[in-house]
Amino acid sequence: MTAVVSHNGGASDLVLPVLELSSEVTSATEAIIYRHQLTPAWWQVLATVLDTAHTVPDIARRLNRTRQSVQRIADIIVDNEWARWDANPKHRRSQLLASTLSGRQAAAELEGGLQDWADSVGEGLTVAEMDQFRSLLDRILHGSRDYRAHNR
């Protein structure tokens with residue numbers, strides 16, 4: 001395998017800009033999310049189950065969080081009626097967290113604010129550039145997750 005990052009800063013040439021981008025995206029989206037009576041953590045868990053119900057352990061793995069923290073958040077979003085617990089035909093004790101109509105409506109309202117932000121950020125970028133960025137980001141995420149899975 002050849003080294004992808006070989007500039008003066010080594011791995012820092014990739015890691016530091018990604019961390020800066022992560023921090024910026026987090027700050028910008030937090031401001032939008034808070035306006036919709038959600039927290040970023042609540043939104044992450046709710047967004048995970050908008051289309052398909054998942055178990056808490058599945059959500060925790062996907063979000064790289066502890067099962068306990070996802071369980072606390074799931075209970076909160078269920079209490080707020082944005083999600084509900086459904087029986088899991090594959091596992092009696094591990095229920096499925098599913099979004100409710102209220103949760104999908106809250107997500108749709110929030111999506112409008114996030115879309116305004118994304119449109120502003122994407123001004124001046126072509127569709128091809130955004131597609132290339134998404135593709136590259138997916139490859140980096142896959143590579144990182146693969147690395148972590150094999151180097152624990």
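A nonpolar core is a set of buried Ala, Val, Leu, Ile, Met, Phe, Trp, Tyr and Cys residues joined through side-chain atoms within 4.5 Å. This structure is a predicted model.

**The core**

The largest nonpolar core here has 23 residues. Trp43, Val45, Ile77, Leu97 and Leu110 have the most contacts inside this core. Five helices each supply at least two of the core residues: helix 1 (12-34), helix 2 (40-48), helix 3 (56-63), helix 4 (67-79) and helix 5 (101-122). Helix 4 gives the largest share, five residues. In soluble globular proteins, nonpolar side chains tend to be buried together.

**Around Leu97**

Take Leu97, one of the residues with the most contacts inside the core. Set aside its neighbours within four places in sequence. Leu97 is then in contact with Val45, Val49, Ala53, His54, Ile59, Ala74, Ile77, Val78, Ala83, Arg84 and Trp85. Two of these partners, Val45 and Ile77, are also among the residues with the most contacts inside the core.

Next come Gln37 and Asn64. Phi of Gln37 is positive, and Gln37 is not a glycine. Asn64 also has a positive phi and is not a glycine.

| Residue | Phi | Place | Relative accessibility |

Note on methods: Residues numbered from 1 in each chain as written. Predicted model: local features only at pLDDT ≥ 70, side-chain atom pairs only at ≥ 80, totals over all residues. Heavy atoms only, no water. Buried < 20%, exposed > 50% of the residue type's maximum accessible area, 1.4 Å probe, protein only. Helix = DSSP H or I, 4+ residues; strand = E, 2+ residues; numbered from the N terminus. Contact = heavy atoms within 4.5 Å.
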